[in-house]
Every structure is written in structure tokens, then in C-alpha cells.
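Visitor: I am new to this structure. Please show me how to read it, feature by feature.

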Amino acid sequence: MEIRPFRGFRPRKEIAKKFVAKPYDVISFLEAKETIKKNPLSFLRVTRVEAETHEIEMDPTPEDMEKARKNLEKFIEDGILIQEEKEAFYIYRQRMGDHTQTGIVALFPVEEYKKGRIKKHELTRKKKEEERVQHILKTRAHTGQVFLFYRAFEEFDRKLSEIADSQEPVYRIRDDLDVVHEFFVVKNENEVNEIKKLFERVEELYIADGHHRAAAAARVSDILDEKIGKGPHNYFMATAFPHNQLRIFDYNRVVKSHLTAEELLEKLQEKFETYRSYTVPARPSREHEITMYVGNRKWYILIPKKVPEDVVESLDVNILQREVLEPIFGISNPREDERIDFVGGIKGLCELERMVDKGEFDVAFAMYPVNIETLMKVSDEGKIMPPKSTWFEPKLLSGLVVHVFG
């Protein structure tokens, strides 16, 4: 697997904390708008430009994409973003409580994504993918990172840690979730060459987060190949971590229901063993155990009576969809149905209780996190998980480095 160093554009150290931002797809329109109003240095003026140009939430327009380009150019012209003097790799270390993960930031070949050696586990939505395509084409930049992982191997992982431990990070930023983000520049020629050589032993990569960014980068590569031929657009920016350092959280569901709790339980008992839980909130303790909250501090444990052998069909999110959401609630397309919403496990089960108790939804389902080995097996078999199956945390900040290729 080939990776390349690059001359990234990075924010000046003294303004980095104000400049960097959450990924564009995990921040709401209103949150982005409020941030931009308070902080004109925010990188959201590039990644969520529509929050600057519109008063109400709407899809970005061609004029918005032009504004994103101008904002990026202005950040460069004003010296907010400064280009690296020479090609470099970057090391990105995140600390969340007692958990640490250390990855390599580099350019990865689009061709490996097309060949299936950079593997996906989710489908993309065409509308969202097209939006990313237009953003990349207009800015001529990869402004957000694809979150990748590889099967850990000790020699490479140890080398990254040794390099990071030998120097001070150019940025050390603590975010609002108390995650510490440390960013290191690797421009020593010997270290750059050693990283490249070691990474050649990686045979495949997996997308943890950023399926739309990866798909969009591949489409942009094809579009620009036809217009101008091969070039730096044939690579996309990503951070790759070893698989054994990552944490997958549960991705839970909240549903609007027309049934009473008693009616719902009666229907569930056809396909599940159901038990009242007197531990509240009730967190699933293992795979193939789902917990359900119906309000009034009442939690139930649901254990499917039958589990398919197929790796995808046996996923708990698929069991819930097949045996509960569609037949009981009539939710056949969870991506589009307004009666269902998805809650990342980082928010905790108390958030599920709050949403039900406040009447926003009527019932909540808590899932056991997908195992990373299961995710790799799904990807290796060329199969696809249902939407909203995995929630990786911590997220990668945007704006630590930008790959401008035109």
C-alpha cells in the first residue's frame, strides 16, 4: 500500500484552537451557524459554508461552493493557513480518558479504493456524495479526512509512537468532549522514507468513517483525469490507525410509536425472549442482546430467538430492522423515515431516556457495539452493513491540515 507525504496547509499555531472544527457531518446547521457568528476564524466557513450564507437550513448551492473556495483562499492569503515548506507526513494522536490512538496522516491512492483494497462497509447516499464532489471540485482541496484503519503490526505502530514521543506536538487541543488532540509534523527525510517503506507491508485498509468523502474523491479523480490528466487529485487525504487501538461505540435508535408498551411487548415476544431489567439504564452486555426503554424508568432486555449464520444478517441492527422496525412500526427505509432517529453511543443511555421521557420519541433501543473484527469480516466479504451501524469515537478534527491540489 503506497502512501505519500504532502505539503499540507496548516493553521498558525497561535490560532489553531480557534480554527479547527468538528467534521462537517457531525455538527448541526444551527451549531455551525452559531460557531461562525462567534468565531470568523472557524474552518466551518469552508466545510459548512451554507451555515454562513443562509438563515435556515438548506442544501449548499453552487454559490455556496464558490464562497467556500473564496473563504479558503482568504485564509491562505491572510496567513491563517500556511503551507508546509517540504513534503511531510503527520502523526495524529488522540487521548480520550485512558484511551489513546495514534495514526498516520498521508495521501492515499484513489486507485486502491477503486480496486477494493481500501474497503467500505456502508453504502453512500448519492445526494450527499454529489455535494462532496462539488465541494472538492470547487475548492480543489480535500478539507476533511477519511478515517481509515489497518490490521495493526507492531513495527509500524511502534515507529509512529517513537517519532511522536521524540518531539513536541505542533498542536495540542482539548475539545468540548475532553478529548486531547495532538498533531506532529514528520519531515525528516529518513523518517519519511522509513514510514513509506514500512507502510508498504499493509495489504488493505478499511474505512471507519468518511465513506462519502472517499467516494467523492474517487469521482473527482475520474472527472479531473478526463479534463487535465493524472495529478495530485488521484490521492485523497486520510488518517489511518491500527485496528486494535480503535473504539466502536453503540449506535442506538429512538422511534415514534402508536403502540402502548404492553402492546409492543406482546408483539416482540413472537421473535424475542423478553425480560424486565431492574438495572437502569440497561446496557446490552453482549452481542445479540438488545435493550429497550419505554419510559417511566422501564427497561427491557430483548434476546432474539433465532440468529442467522450470515455475518451481515446476524448483526443486531439487522435483526432489529428485520424483526422490529419494519414489521411492527412499518419503517422500511430507516434512512428517510422521520419516525426514527439515531443516537451515537457517546451520548450515553441517559440521552435515550431523556428523549423518550420528554416525548420526543416513544421507545428507544440500545445496541451492543459492533466488534471491529466483525466489521473487517463484513468488508473482506464485500458485504455492506445497514446504515448507522457503527459510531467511532473520538472523531477527527477538520482543519488540522488541508490538502490543496489545485
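Guide: Begin with the names of the elements: helices (H or I, at least four residues) and strands (E, at least two) are DSSP runs, numbered from the N terminus. Pro394, for example, sits in the loop between strand E19 (391–392) and strand E20 (403–404). Residues are numbered from 1 along each chain as its sequence is written, and side-chain values use heavy atoms, with hydrogens and water left out. The model is predicted: local features need pLDDT of at least 70, side-chain atom pairs count only at pLDDT 80 or more, and totals for chains, interfaces and linings use all residues.

Visitor: How many helices and strands does the chain have?

Guide: The chain has 14 helices and 20 strands. Its radius of gyration is 22 Å, close to the 22 Å that the globule rule gives for 406 residues, so the chain is as compact as a globular protein of that length. That radius is taken over C-alpha atoms, and the rule is 2.2 Å times the number of residues to the power 0.38. The C-alpha trace spans about 65 × 50 × 40 Å along its principal axes.

Visitor: What share of the residues is buried?

Guide: Buried means under 20% relative accessible area, exposed over 50%, and partly exposed in between (1.4 Å probe, protein chains only). Of the 406 residues, 57% count as buried.

Visitor: Which residues does Arg10 touch?

Guide: Contact means heavy atoms within 4.5 Å. Not counting residues up to four places away in sequence, Arg10 touches a set of residues including Ile80, Tyr90, Phe183 and Val401. Arg10 belongs to strand E1 (residues 9–11) and is buried, with a relative accessible area of 15%. A polar contact is a pair of N or O atoms within 3.5 Å; within protein, one must be able to donate a hydrogen and the other to accept it, and residues adjacent in sequence count only if both atoms are side-chain atoms. The side chains of Arg10 and Glu84 make such a contact, at 2.7 Å.

Visitor: What do the buried residues of H13 pack against?

Guide: An α-helix has 3.6 residues a turn, so residues three or four places apart point the same way. In helix H13 (residues 349–357), the residues Leu349, Glu351, Leu352, Glu353, Met355 and Val356 are buried. The strands they pack against include E13 (251–255), E16 (299–304) and E18 (363–366). After H13 comes Gly359, with a positive phi near 85°.

Visitor: Is Phe329 buried or exposed?

Guide: Phe329 counts as buried, at 5% relative accessibility. This residue is in helix H12 (residues 316–329). Leaving aside neighbours within four places in sequence, its contacts include Leu264, Val363 and Phe365. Phe329 and Leu264 are 65 residues apart along the chain, and their C-alpha atoms are separated by 9.7 Å.

Visitor: Where are the cis peptide bonds and positive phi values?

Guide: Most residues other than glycine have a negative phi, and most peptide bonds are trans. The bond from Val280 to Pro281 is cis, with omega near -10°, and Pro281 lies in the loop between strand E14 (272–277) and E15. Another cis bond joins Glu393 and Pro394, with omega about 5°. Arg140, not a glycine, has a positive phi of about 50°; Arg140 is partly exposed, at 27% relative accessibility. Lys388, also not a glycine, has a positive phi of about 60° and is partly exposed, with a relative accessible area of 30%.
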